[in-house]
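Here are my notes for you, as numbered points. Please keep the structure open beside them as you read.

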Amino acid sequence: MPISFFADNLYNETMAKRFLQYYENTAQIVWNQFMEATWNYVTNITKKNQEEMLHKDEEKSKHTLYFGTRVRLFKNARFQNPAVKRMLSKLQNIEKAALPEDELREYNKLLVYMKTTYNMGQVCLNEGPCMPLEPDLKEIMATSRNQKELLWAWQGWRDAVGRTLRVNFEHYVELSNKAARLNGYRDMGALWRSKYESDKLEQDLEQLFQELQPLYLNLHAYVRRALHRYYGPEVIDVKGPIPAHLLGNMWAQSWVKILDLVLPFPNKPPEDITKIMRSQHWNPEKMFIEAEKFITSLGLLSTPPDFWENSMMEMPSDGREVECQASAWDFYNGKDFRIKKCTEVTIEDLLSIFHQMGHIQYFLQYKNLPVIFRAGPNPAFEEAVGSVITLSASSHKHLLNRGLLSRQHQDSEEELNFLMGIALDKIAFIPFAYLVDLFRWKVFDGTIQKDAYNLEWWNLRLKYQGLCPPIPRTEDDFDPGAKFHIVANMPYMRYFLSLVLQFQFHEALCKASGHAGPLHRCDIYNSRTAGKLLEDMLKQGSSKPWPEVLQNITGKTKMSAKALMTYFKPLLDWLVTENVRQGEILGWPDFSCFFEEKDTDKVKFLSLKLEPEQAKLGQWVLLALSFVMFLVALLLACRLCSLEKKSLAQDTSAQDTSAQDTGSQDTNLLKTPPNTYFLGIAMKPSQVAKRQWILLGFCLILMLCSIGLVIRIFTQHHRKPPWMRAEWWSWD
């Protein structure tokens, strides 16, 4: 019989089901062990925990490789069961596990190194303590209005983290692309995009961005004018981009911390909810309980007891180094779910907890599905589910109901202030969420070369966000690396799409709850009908294509910005009117960011571009000249001193001779001190000595200034003078 006959019978649909069951049984164990090891590391960053995590990561990759290579033997196009076909198709993408073993090990270590460098990054004061990103640097960026302090934190973080990781990132790109090609994709960007199961993803993304752009441009113009009023024309150009360090956030992705500077109606400021929470003695545990109450009010599942025992809800007080980036964890055993967060008692952290608890609810709802389907139908769904809950939790109605507001009603002006606060978080995020992966996709496909990473990063930030760095940047810098998701290998386009999806979900859930009125006033708290609609979506995991899942909850098969625009329509109308009244120009036409280009073949010396050896020689010559200048001046001073002493001796001798000739009748003249000369000027000897010492001191100051100038020139271009670097003294 033909071999193909045996193959067809061996790899038939019945065998495929057995194969998938075997995968399921083993994957739960392997993935659980990997998650445990990873959790142990990020909640206690030690060398031992790192090694254990890397070991479990290798085991997980071997498991993925084993099943990923064998699954391709099944001809699933002939199978009838759509769930079986979908699972087999998903298993074929083995991502980094496709790398050869030595390169996989190198790749894993590289990713761990970049994440650890980020998590342990600190910025140190000249004389004082060193500050980590959370909470210290974030607090400075959020609360300070001092430009110098903001610049210190902004630049310091990028010097401490981004600049350090540039070379590592270049190697990461090479290995990522190799893994993607081994999976059948042309680069890692293409592999990431495949998660959305759409051939038109890039066109759809650009269309969504264009639909949202008018809202962002009007917000940008209004905020720019407000910052111009506060900081003045020497800092803000009302027709240009905004300096990136003035927007209340280390990455300028959320502007909500400058709400006090941009309120439409400053005479009606919103209540300080953080202050109210602290006065009511809220703590991290109470914040998590509040989020739990909201979710269970919808008739959804409550978190298991182990969640409260195993989660890291605040920064440990025992001195452990931890990763503070908020995240929700599924341990793939159907009972262990956790959140990791260094919680501060603020309204922002409360809403962040609501978001993370939304992730936990997703895990709980699809926990009985096969491991392959325990995810959202596309990555944006998972983020949108967490965010849709915060839209209700942040509404005036809900906050009033929970005792966090005292004013019973909002008038039209107070509503606009409220919408401005939401817009500074949501709308300000739109272009940043879009460009982060746009940048990486271009890096992966080679459109952006490694010698222009930083230049192209700021070109995108200018084009889409209308922002510029507060100081000139160079290719020695690597500002993308100052963002966690970039160095942690985490795709970001999910956040852009979740912005759109969360408002689509919100509109559908509000309709199900019976809400009538403006969308921004809706609160689905206590609505079992809305909860049931949400539950039906969550239970499906990724077992169905996302358009089908989206249709079940919204009635539409496409992601649309219409609901988001409806939510913010009152604010957009007001912004348009206000910007027209002020004569604002939308956008930043004909403006560019100042960027110091890096010539890889030449270096700068006294503003001239020279060959490295020429610049090196020039630096030595300049340094030598400063010492020669000092020695010449010093010899001159010594020469003058010697001449003056000789002159004094001659004058004294002449006076003694004259005295012998004239006798005692001229004794009055002897009482008059003889004159000496300093730089050709006759004066008393004591005055001459004093001036000679002044000249000597001046020479010393001149020498120090010359050396200081040399060091200043070198540090401007190299951060450290060449003679302070080991390679300067190398003969290689």
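1. C324 and C342 are joined by a disulfide, S to S 2.0 Å (a disulfide being a pair of cysteine sulfur atoms within 2.5 Å). The torsion about their S-S bond is about -80°, so this link is left-handed. C324 sits in the loop between helix 14 (305-310) and strand 4, and C342 in the loop between strand 5 and helix 15 (347-365), so the pair ties together parts that are 18 residues apart in sequence. Helices (H or I, at least four residues) and strands (E, at least two) are DSSP runs numbered from the N terminus. C324 counts as buried at 10% relative accessibility, and C342 does at 8%; buried means under 20% relative accessible area, exposed over 50%, partly exposed in between (1.4 Å probe, protein chains only).

2. A word on the source: this is a predicted model, in which local features need pLDDT of at least 70 and side-chain atom pairs count only at pLDDT 80 or more, while totals for chains, interfaces and linings use all residues. Residues are numbered from 1 along each chain as its sequence is written, and side-chain values use heavy atoms, with hydrogens and water left out.

3. Next, the strands. Strand 4 (residues 327-330) and strand 5 run antiparallel, joined by 4 bridges; strands pair if DSSP finds at least two bridges between them. W329 has R338 as its bridge partner in strand 5. In this hairpin, with 6 residues between the strands, Y332 takes a positive phi near 60°. From strand 5 (residues 337-340), F337 and I339 point one way, R338 and K340 the other way, and all are buried.

4. How many disulfides are there by this rule? The count comes to 3. One of them links C124 and C130, with sulfur atoms 1.9 Å apart, and is right-handed, with 100° about the S-S bond. C124 is partly exposed at 40% relative accessibility, as is C130 at 33%.

5. C510 and C522 also form a disulfide, S to S 2.0 Å. The torsion about the S-S bond is about -105°, so the link is left-handed. Both C510 and C522 are buried.

6. Finally, confidence. The protein chain has a mean pLDDT (the predictor's confidence in each residue, from 0 to 100) of 87, and 85% of its residues reach 70 or more. Residues 662-672 have pLDDT below 50, and this stretch has 2 contacts in the model beyond near neighbours in sequence (contact meaning heavy atoms within 4.5 Å). Where pLDDT is low, the predicted coordinates should not be read in detail.
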